[in-house]
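Morning, everyone. Please bring up the sequence and the model, and keep both in view while I talk.

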There are 2 protein chains.
Amino acid sequence: MSTKKFLLSENDIPRAWYNVVADMKNKPMPPLHPGTKKPLKPEDLYPIFAKELVHQELNTTDAWIEIPDEVRDLYKIWRPTPLVRAYGLEKALDTPAHIYFKNESVSPVGSHKLNSAIAQAYFCKKEGVTNITTETGAGQWGAALSYAAKSFGLELAVYMVKVSYHQKPYRRSIMQTFGAQVIASPSMSTKAGRKILTENPNYQGSLGTAISEAIELATQTPNCKYTLGSVLNHVMLHQTVIGLEAEKQMEMAGEYPDIVIGCFGGGSNFSGISFPFLRHKLTEGKDIRIIAAEPASCPKLTRGVFQYDFGDEAGYTPLLPMYTLGHNFAPAHIHAGGLRYHGAGSIVSQLKKDNLMEAVDIQQLDTFKAATIFAQSEGIIPAPESSHAIAAAIREAQAAKESGEKKVILFNLSGHGLIDMAAYDQYLAGDLTNFEVTDEDVAKNLEAIKDL
Amino acid sequence: MSTKKFLLSENDIPRAWYNVVADMKNKPMPPLHPGTKKPLKPEDLYPIFAKELVHQELNTTDAWIEIPDEVRDLYKIWRPTPLVRAYGLEKALDTPAHIYFKNESVSPVGSHKLNSAIAQAYFCKKEGVTNITTETGAGQWGAALSYAAKSFGLELAVYMVKVSYHQKPYRRSIMQTFGAQVIASPSMSTKAGRKILTENPNYQGSLGTAISEAIELATQTPNCKYTLGSVLNHVMLHQTVIGLEAEKQMEMAGEYPDIVIGCFGGGSNFSGISFPFLRHKLTEGKDIRIIAAEPASCPKLTRGVFQYDFGDEAGYTPLLPMYTLGHNFAPAHIHAGGLRYHGAGSIVSQLKKDNLMEAVDIQQLDTFKAATIFAQSEGIIPAPESSHAIAAAIREAQAAKESGEKKVILFNLSGHGLIDMAAYDQYLAGDLTNFEVTDEDVAKNLEAIKDL
C-alpha cells in the first residue's frame with residue numbers, strides 16, 4: 001500500500017467559496033413571493049435571514065466569494081480534511097476501479113455541516129443578531145450549528161424532527177452540551193406545530209415541519225434570524241470548500257475522477273463535493289459524471305417533478321423551483337434522517353433538468369450492507385446518510401469490474417455513524433426493512449401542489 | 001489566531017517505537033511466576049501471548065523497536081494525528097499558559113487504542129494465530145481491536161465489563177459491526193466468571209474480572225492468544241507513536257512543554273504521550289513535569305501501595321510490580337470505564353516510585369465540568385477518560401494564571417466522547433455524583449494482598 005491519505009496544510013484551506021450559478025448557462029429560476037408570485041427582492045428575505053446570506057443566496061454573477069478570516073480560522077479546527085484512497089474497499093470489492101473518498105467525518109461534530117454552520121453563525125453575529133433558530137433532521141446540522149453558535153456567542157433554538165429526537169437522543173445531548181436548546185418537532189411552541197399536532201397527534205415530524213416551526217420562532221423573536229442546513233444556494237456555496245480541497249488533492253494523487261458521488265437530502269454535501277468538479281464541465285467541457293444518491297423512500301430527483309413548491313410544510317418559505325415530491329410528502333422513517341426532505345435545492349434541480357448530473361435511488365438495506373463493507377475495510381463506521389454515497393460508489397465499482405474499465409470514483413463521506421449505532425444494531429439483528437413509495441403516493445402529493 | 005493544528009505527513013509516522021525501559025536507571029522489577037515467585041521466562045508467557053509480543057514485553061535493552069511496514073500502513077488510516085494549540089480553551093480560562101493537545105480522538109474508532117490493537121493483531125497473525133480474546137472496559141479498546149482483528153482476518157471474542165456493556169451499548173454495536181463477538185463480563189462462559197456470579201450474582205464487573213475471563217478462554221482454545229489494551233510494557237511501547245509525533249510537532253510550534261499530562265487507567269495513553277518526553281529527562285536531564293491524572297474513585301497512584309499483585313481478579317496473570325489498590329478492589333461505576341483498573345503498569349509504577357513523574361486524582365464532577373468547557377471552546381466532546389487529563393491541564397493553567405507564569409502545557413486527548421453522551425445527559429441533568437474511597441476501603445483491599 002502506498003500513500004493512503006492526501007493531506008493539505010491549513011494554508012490550503014480555500015480563501016473563496018465557489019458560486020456555481022455564475023458559471024451556469026441556464027440559471028436557476030428565481031424564488032417567488034407566494035402571494036404575488038413575483039421574484040423575491042433581497043428585502044423580502046431580510047426578516048428571515050442575515051443580510052449577507054441573502055446577498056449570497058441571490059448572487060448569480062460572482063463565481064468566487066471571499067471566505068472571511070474569522071470563518072477560515074474556525075475551519076482550521078478540522079480542515080483541510082483528508083482525501084483517502086480506499087485501498088481496503090477496492091480490495092474487498094476486487095475492482096479495477098480506483099476509489100477515493102473525501103473524509104468530512106473528521107469534523108469534531110462528525111459531519112460536513114460545520115462548513116456552513118460557522119459561516120452562517122458568523123454573518124448573523126456580524127450584523128448584531130443575538131438569537132438564531134434552525135431545524136435539524138438526524139441532528140448533524142443541529143450539532144454543527146450548536147457549536148458554531150457557541151463560538152460566536154449566539155443563543156440557539158433547534159427544532160429537531162421528532163422521529164430523530166427519539167431515534168438519536170445522543171445528537172440532542174451533543175447540542176445541549178454545546179449549550180443549545182432542543183425542541184422535538186412538531187411542538188406546541190408554534191402555530192405551525194400546534195396545527196399539525198391537532199390534526200395528527202402522533203405525527204413524527206419531517207424536515208418540512210421543523211423548518212416551519214423554526215422560521216415562525218425566528219420571525220416572532222426580536223433580533224433573531226433563521227438558519228438552514230441545506231437546500232438554499234448560500235448553503236451549497238459554503239459547502240464548496242469540500243470539493244475545492246478535493247480538487248487539489250486529486251491532483252496530488254495524480255488522477256482525475258470519472259465519477260463524483262454525494263448522498264442527497266437537500267443537496268448540501270452533494271453540492272459541496274461536486275460543484276468544483278462540475279465547474280470543469282461547465283467551463284472546460286470536461287467529461288465527468290456527477291451522481292446524487294438519494295433514498296428510495298424519498299425519491300424527489302428520480303421520481304419527483306420539476307416545479308415551484310414550498311420549502312416547508314406550512315408554506316412559510318418562498319416558492320422555490322425544485323424537483324419535489326410535494327411539500328406534504330411524509331417520508332418513511334429511515335435512519336438516514338438527514339435525507340428525509342421532499343425537495344431538491346434550486347441549483348441542483350436546474351442542473352438535473354439540464355442533464356448536467358444524474359441521480360440514483362438506494363434502498364435502506366443496500367445502504368447498511370454497503371456501510372458494513374466500508375466499515376470493515378476502511379475502519380470508519382459511516383453515517384446512514386453517507387452510506388447512500390458508498391452504496392452508489394460500490395455499484396459503479398462493480399460495473400467497472402464487469403466492464404474491466406479502470407474508472408476513478410470519488411465520493412464524499414459526509415459524516416460518521418458513531419451516533420447512529422442503534423440503526424446498526426437493528427441492521428445486525430435483521431430488524432431493518434426497505435420502504436416502498438407507491439406511484440399513487442407520489443401522484444397524490446403532487447396533485448396537491450399542481451396549482452402552486 | 002495563527003496556526004492552530006500542527007500536521008505531519010504520512011512519512012513522519014514513526015518507524016520505531018520507543019522502549020523507555022532501555023533508558024531507565026532503575027529497571028522495573030520483573031514479573032514473577034505466582035507459584036514459584038521466580039522471574040518469568042519468555043516461554044512462561046508463550047501460552048498466553050504472541051511470541052514477538054512477549055519479547056517486546058521483556059526487552060530491557062533496546063531503546064528502539066522497528067515498526068513493521070504492515071502496521072505503519074494501517075496507521076496511515078488516521079496517523080499522524082494533529083497537535084492542536086488550544087487557543088479557544090486558553091481564552092476561556094484567560095490564562096497566560098500555552099495549552100496544546102495531541103488529538104488521538106481522530107482515530108476512526110475514536111481513541112488512541114488502535115495504535116496497539118493493530119500491532120498486537122499483526123504479530124498474532126504473523127505467527128499463525130487464528131483467534132484472539134480480550135477484555136474491554138468502556139469499549140474503546142474492544143472497538144479498536146475489533147477493527148484490527150478484522151483487518152488481519154482474526155476471529156475475536158471480547159469480554160466487556162458489565163456496567164459498561166449496559167452504560168455504553170453502542171460501543172458493543174461498534175464491535176459487532178466490525179465483526180467481533182461481545183460477551184458481558186462476568187459471564188457464565190468461564191470458570192472465573194461463574195465463580196464470581198455464584199458468589200455475587202449482581203456483580204457489575206471490572207477490568208480485572210474481564211481479563212480473567214479472556215485469559216481463560218484464550219488458554220483453553222486452540223490457536224488462540226490473549227491481547228490486552230493497557231498495563232503491559234509492550235502496550236506502552238506501541239503507544240509511544242503518540243509522543244514521538246508530538247515531539248516533532250512541538251518543535252514545529254517552536255515550544256517545549258513544561259508539563260505533559262495524560263489520563264491514567266492502566267497507563268497506555270499516559271505512557272504514549274509522556275515516555276518520548278521522559279526520554280529527554282532520562283538521557284539529557286531536561287526539566288519537565290509529567291503528570292498522570294487518575295479518577296479519585298480509583299486512586300492507585302495517589303493512594304495505593306507499591307508491591308507485587310495480580311493483574312486480574314482471579315489471579316491468572318503473573319505477579320506484577322505495581323502501585324495497586326489490591327486486585328479485588330471494585331471501583332465505583334464512574335463513566336470513565338477505561339480508568340476503572342486497580343493497578344498501574346510496571347514501568348509507570350517504577351517511574352512513580354523514583355519520582356520521575358507525578359500523579360493527581362480528579363473527581364467525576366470536575367471531569368465533566370472540564371469536558372464541557374473544552375467542548376464549548378474547542379468543538380470536541382471529549383471521552384470521560386480524557387476529561388481527567390483536561391481537568392488536570394485546566395488546574396495547571398489556572399495555577400499559571402495565579403503565578404503569572406507562561407507555562408507550556410501539553411496533554412493527550414486520548415479519545416472523543418460521542419459514544420458517551422448518556423453520561424453527558426446525566427451531567428447536564430444534575431444526576432451525576434462524585435465517589436469517595438474511604439481509607440478503610442483501601443486498607444481492607446491492601447490487607448488482602450499483603451502476602452503476595
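Let's start where the chains meet. Between chain A and chain B, twelve residue pairs are in polar contact, with both partners at pLDDT 80 or more. That cut-off is there because this is a predicted model. Everything I say today is read from that prediction.

Which elements of chain A touch chain B? Those giving two or more residues to that side are α3 (69-75), α6 (140-151), α8 (169-177), α16 and α18 (421-428). Helix α8(A) gives the most, with six residues.

Now the size of the contact. Interface size is often given as the accessible area lost when the parts come together. Here, chain A and chain B bury about 3,700 Å² between them. Carbon and sulfur atoms account for 61% of that area. Three residues stand out on chain A: Tyr170(A), Thr177(A) and Gln376(A). They supply 17% of the area that chain A buries against chain B, more than any other three residues. In residues, the contact takes 42 from chain A and 42 from chain B.

How are the two copies related? Turn chain A by 180°, with a shift of 0.0 Å along the axis, and it can be laid on chain B with an RMSD of 0.0 Å. That is the relation of a two-fold axis. And 100% of the interface residues of chain A are also interface residues in chain B, so the copies meet through the same surface.

Next, charges. Side chains of opposite charge can pair when their charged atoms come close. Over all chains, the structure holds 42 salt bridges. How many salt bridges run between chain A and chain B? The count is four.

Let me show you two pairs that join the chains. In one, the side chains of Lys5(A) and Glu10(B) meet, 3.7 Å from N to O. In another, Asp425(A) pairs with Arg172(B), and their closest N and O atoms are 3.6 Å apart. This second pair crosses from helix α18 of chain A to helix α8 of chain B, residues 169-177. Is Arg172(B) buried or exposed? It counts as buried, because its relative accessibility is 16% and the cut-off for buried is under 20%.

Stay on helix α8 of chain B, but look within the chain. Arg171(B) and Asp420(B) meet in a salt bridge through their side chains, at 3.2 Å from N to O. This pair links distant parts of the chain. Arg171(B) is in helix α8, while Asp420(B) is in the loop between β15 (408-413) and α18 (421-428), 249 residues apart. Both residues are buried.

Salt bridges can also share partners. In chain A, that joins Arg79(A), Lys102(A), Glu104(A) and Glu245(A) into one network.

One more charged pair, in chain A. The side chains of Arg85(A) and Glu90(A) form a salt bridge at 2.6 Å, N to O. Both ends are tucked away: Glu90(A) is buried at 8% relative accessible area, and Arg85(A) is buried at 11%.

Now find Lys76(A), in the loop between α3 and β4 (83-85) of chain A. Lys76(A) is buried too, with a relative accessible area of 10%. Its side chain makes a polar contact with the side chain of Asp73(A), at 3.2 Å.

On to a lysine with a record. Which residue does UniProt list as the modified residue N6-(pyridoxal phosphate)lysine? It is Lys113(A), and the listing comes from an unreviewed entry. Where does it sit? Lys113(A) is in the loop between β5 (98-103) and α5 (114-126) of chain A. At 13% relative accessibility, Lys113(A) counts as buried. What surrounds it? Setting aside neighbours within four places in sequence, Lys113(A) is in contact with Gln140(A), Trp141(A), Ala144(A), Gly229(A), Ser230(A), Gln239(A) and Ser268(A).

Last stop: Leu365(A), in helix α16 (residues 364-378) of chain A. Leu365(A) is partly exposed, at 29% relative accessible area. Again leaving out neighbours within four places in sequence, Leu365(A) is in contact with Tyr427(A), Leu432(A), Thr433(A) and Asn434(A). Take Tyr427(A) from that list. It is 62 residues from Leu365(A) along the chain, yet their C-alpha atoms are separated by 7.9 Å.

That's my tour. Thanks, everyone.

Technical notes:
Residues are numbered from 1 along each chain as its sequence is written. Chains are lettered from A and ligands numbered from 1 in the order in which they are written. This is a predicted model: local features need pLDDT of at least 70, side-chain atom pairs count only at pLDDT 80 or more; totals for chains, interfaces and linings use all residues. Side-chain values use heavy atoms; hydrogens and water are left out. UniProt positions are given in the numbering used here, feature names are shortened, and annotations may be inferred rather than shown by experiment. Helices (H or I, at least four residues) and strands (E, at least two) are DSSP runs, numbered from the N terminus. Buried means under 20% relative accessible area, exposed over 50%, partly exposed in between (1.4 Å probe, protein chains only). Contact means heavy atoms within 4.5 Å. Copies are superposed by least squares on the C-alpha atoms of residues with pLDDT of at least 70 in both. Buried area is the accessible area (1.4 Å probe) that two parts lose on being put together, summed over both. A polar contact is a pair of N or O atoms within 3.5 Å; within protein, one must be able to donate a hydrogen and the other to accept it, and residues adjacent in sequence count only if both atoms are side-chain atoms.
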